[in-house]
Amino acid sequence: MSSQDIPEEKLPAEPGAAHGAVKVADEDNPFADPGLPPHEHRIQDIDERAAKRSERTVALLFTVSMLATLGFIASYVWIPNDKSIYIWPLGHISAMNFALGLTLGVALFCIGAGAVHWARTLMSDAELADERHPIEASPEVRAKVHADFKQGAKESAIGRRPLIRNTLLGALTLVPFSGLFLLRDLGPLPHEKLRHTMWAKGKRLVNMNTNQPLRPEDISTGSLTFAKPDGLEEEGNEEYQTEIAKAALMIVRLQPDNIKDKRELEWSHQGIVAYSKICTHVGCPISLYEQQTHHVLCPCHQSTFDLSDGARVIFGPAGHALPQLRIGVDSEGYLQALGDFEEPVGPAFWERG
Amino acid sequence: MSTTASNPTRSRGKAPAGEKLADWADGRLGIYSLAKANMRKIFPDHWSFMLGEVCLYSFLIIILTGVYLTLFFHPSMNEVVYHGSYVPLQGQLMSEAFNSTLHISFEVRGGLLIRQIHHWAALVFLAGMFVHMMRVFFTGAFRKPREVNWLFGFLLFVLGMFTGFTGYSLPDDLLSGTGVRFMEGAILSVPIIGTYISFFLFGGEFPGHDFVARFYSIHILLLPGIMLGLVVGHLILVFYHKHTQFAGPGKTNNNVVGMPLLPVYMAKAGGFFFLVFGVIAVIAAIAQINPIWAIGPYRPDQVSTGAQPDWYMGMAEGLIRAMPGWEVNFWGHTLVLGVFIPLVLFGVVLIAIAVYPFIEAWVTGDKREHHILDRPRNAPTRTAFGAAWIAWYFVLLVGGGNDLWATHFHLSINAITWFVRIAFFAVPVLTFIVTKRICLGLQRRDRDKVLHGRESGIIKRLPHGEFIEVHEPLSQEQLYTLTAHHQYEPVEIGPTVDENGVERKVKGTEKLRAKLSRAYYGEGNQIAKPTVEEYKEITSGHGHH
């Protein structure tokens, strides 16, 4: 900042416009850069008492931080982990979490506030200017680098001996394939896995909640019942999640007269229809049923299916109807499947067809 | 101890300990040359420059708290029976991942706090990057020489989204599992290879036994590792390019005006880390986030209503919810356009913002370095484009939460979905037009202010009875600041027939460039800033206006 040396008469007339650090104002050009404005003193720069006050504020903030850390340790040691307290308007919350978070937050915040206050009130606030230099290299440097590169390339003889170059490229191209092959065992190939579920002829429909096989009279009008295939137990079955992800079923009872779709009526039993619970959009389980309209809605992306009309899509992003499971009653009067789903359940995929 | 000091005026043995340590390090690491260039490096000050700092600090907080969480988390999908202290779930089957997350939340003292800080900091990190990116965009800070750093930042934003997604999927709770199922459905929609990718990612059929462990290594190692590298590169480039600054008296394209790194910037920036950390810790103390115990463990056949991803995935969610369910079946194959198009659009929306600096550089043909920031109004087309992009993004956020809009405002979900479908196309266009108008209006106001001065609010009555408002002339600082921006001339194709009457072939790209250039800088697309002549004529002529 050599601007201090500029003689008085060269400065712009108005007070405050003051000395130009970069350019002295051109009198002919009212839009010229007047240069950096003068440094304005803060109260702390001229009044030592104000500076003392700032110093005490900063020290106070740091002290509060220390106290808050002690509070953190005290909370950690003395508050029982399972204690909950009522704090308006948050409600009942964990006392430990509240105390630890608050004390840690205050301890950290006060360090930050102290440092910033220190910087703003006590450190020099005179603006300084640094020069910028072009990022681009000078033409000489550029020429030197290019020449060096050419020299290096020439010495390697890579241009003159294409056999080396080509075989090297070949080797470097091939070598990543080893890595690609190593990824092969990340998972099995799909084969027909997405086409089949656990459902098969004679499998009973078991209530998801009670674990009891369902009879037709268990299904009341207007309710949505979730079912799984008989024999699919959660406990001790490693494949439970994968199987239920495909086999989950929802059952409703409709008036047979209300069923608009012919095949749906054929595959039903006394108006009881069973559909895959897995949305054909991206696979969320469907769980909202509107009993008046027989619509079911997927809560994830709001695809809506009409269960009285072959579960066709009536709104939302799903691309095709929910697959229906053909059901009947076995000799003991329990609902049973009459086969697997005829099409893949869940989201569509390339091989689905 | 060195007894033969190279400098006879100063005995090394008597130097303070810190100085001796620094000398020792300099002899091995050359720290003095590094410090010479950087210790008193100048950083300009503006409130918007702290947005990037928020991102950096929340990233550090995420790493610190994340390392702590790995000490307790078990990335395993083995089913176990819960016997912990949260009574409602006792006896339930759940994965070890969920079980250990409950353990962190209920038995590890402070574990819940660290979990909540980690999650809150992730939300702040993504929001910070979004806003920081918009600051850089609207002020034109992405121009040469900073295009590469723009791409670094863009990559951080995208990787941050996926790190967040893989992170909140780890507890294997009902909500996150639903999100993973959505991802699986989206992968299945990819033509030809989708089914294979899904089987390889999940180690077989969904959900399988592998994804938590695989997401874990992606979440704690692969993505953060790449991001850490990018963050370091981003900061090195910020140092190397030196920070941009707004136009103002004494501030030119060849200097950088502000405060030195040591002490002011170090104290402010270092202090700001503690401020950000402190605020997030207090938020984590009072605002519950992702209470997985209330949501329950994941079951593929169960779901809760109002399922929402973290906010930064809301855009993808909106795309998938608004898209009509198109499916094309042919030759035994299914093209799941209803899911695949949103997947592609997700990339397109993001890429649009990534490539923008290169498009603008091509249109302007400007090869100079730019270190002075634009005021958004002075680049109306760019500002309008950015505003349109944000509007687009927000339309999709609305679409992603269409069920919440429906339940909170008692609206029809179908109506909201249709609104989003139309708004997806209409709102960006409208926003573009409106924003550009506003920018041009502000440019006109700046022009008036320069030529006629600032409205003082003082009404003066002249001797003959006329009332006039007194306009105060602006100071030279203000005049300079308001007229410092550069205005481009639109690119002309030039005569297509040379002096001999031979027709020159004009390439299509050249025509497109001229057209875009006119749209950016042609008549009606920017307001000419006042010239010295105009100013002199008005101020010398008839006094105040």
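**Ground rules.** The model is predicted, so I kept to its limits: local features need pLDDT of at least 70, side-chain atom pairs count only at pLDDT 80 or more, and totals for chains, interfaces and linings use all residues. Residues are numbered from 1 along each chain as its sequence is written, chains are lettered from A and ligands numbered from 1 in the order in which they are written, and side-chain values use heavy atoms, with hydrogens and water left out.

**Entry 1: the nonpolar cores.** I began with the cores, a core being a set of buried Ala, Val, Leu, Ile, Met, Phe, Trp, Tyr and Cys residues joined through side-chain atoms within 4.5 Å. For burial I used relative accessible area: buried is under 20%, exposed over 50%, and partly exposed in between (1.4 Å probe, protein chains only). Which members of the largest core touch the most others? They are B:Phe157 and B:Trp389, in a core of 92 residues. Helix H5 (residues 111-138) of chain B gives the most to this core, 15 residues. Helices (H or I, at least four residues) and strands (E, at least two) are DSSP runs here, numbered from the N terminus. I then listed what B:Phe157 touches, setting aside residues up to four places away in sequence: B:Leu126, B:Met129, B:Phe130, B:Met133, B:Leu350 and B:Tyr393. Contact means heavy atoms within 4.5 Å. A second, separate core has 19 residues, including A:Ile259, A:Tyr275, A:Cys279 and A:Cys298.

Entry 2: How many disulfides does the whole structure hold? I found 1 over all chains, taking a disulfide as a pair of cysteine sulfur atoms within 2.5 Å. A:Cys284 and A:Cys300 form this link, with their sulfur atoms 2.1 Å apart. The link is left-handed, at -90 degrees about the S-S bond. A:Cys284 sits in the loop between strands E7 (272-276) and E8 (288-290) of chain A, and A:Cys300 in the loop between E9 (295-297) and E10 (304-306), so the pair ties together parts that are 16 residues apart in sequence. Both ends are buried: A:Cys284 has a relative accessible area of 1%, and A:Cys300 is at 3%. I also checked A:Cys279, which is in no disulfide; its nearest cysteine sulfur, that of A:Cys298, is 4.1 Å away. A:Cys279 is buried too, at 1% relative accessibility.

Entry 3: I counted two strands as paired if DSSP finds at least two bridges between them. E8(A) and E9(A) are antiparallel over 3 bridges, and A:Leu288 has A:Leu297 in E9(A) as its bridge partner.

In chain B, strand E9 (residues 454-461) is hardly covered, with 0 buried residues among its 8. E9(B) pairs with E10 (residues 467-472) of chain B in the antiparallel sense over 5 bridges, and B:Glu455 stands opposite B:His471 in E10(B). This hairpin has 5 residues between the strands, and B:Gly465 takes a positive phi near 100 degrees in it.

**Entry 4: around helix H6 of chain B.** Is B:Ser169 buried or exposed? B:Ser169 lies in H6 (residues 147-169) of chain B and is buried, with a relative accessible area of 1%. Beyond its neighbours within four places in sequence, B:Ser169 is in contact with B:Ser176, B:Val180, B:Phe211 and B:Phe215. I next looked at B:Asp172, in the loop between H6 and helix H7 (174-188) of chain B. B:Asp172 is not a glycine, yet has a positive phi of about 60 degrees; it is buried at 5% relative accessibility.

**Entry 5: cis bonds.** The peptide bond from B:Lys144 to B:Pro145 is cis, with omega near 10 degrees, and B:Pro145 is in the loop between H5 and H6 of chain B. Another cis bond joins B:Leu262 and B:Pro263, with omega about 5 degrees; B:Pro263 is in helix H10 (residues 261-286) of chain B.

**Entry 6: a record span.** The unreviewed UniProt entry lists residues 21-247 of chain B as "domain: Cytochrome b/b6 N-terminal region profile". UniProt positions are in the numbering used here, feature names are shortened, and annotations may be inferred rather than shown by experiment. In the model, residues 21-247 of chain B are 68% helix and 4% strand, with end C-alpha atoms 42 Å apart.
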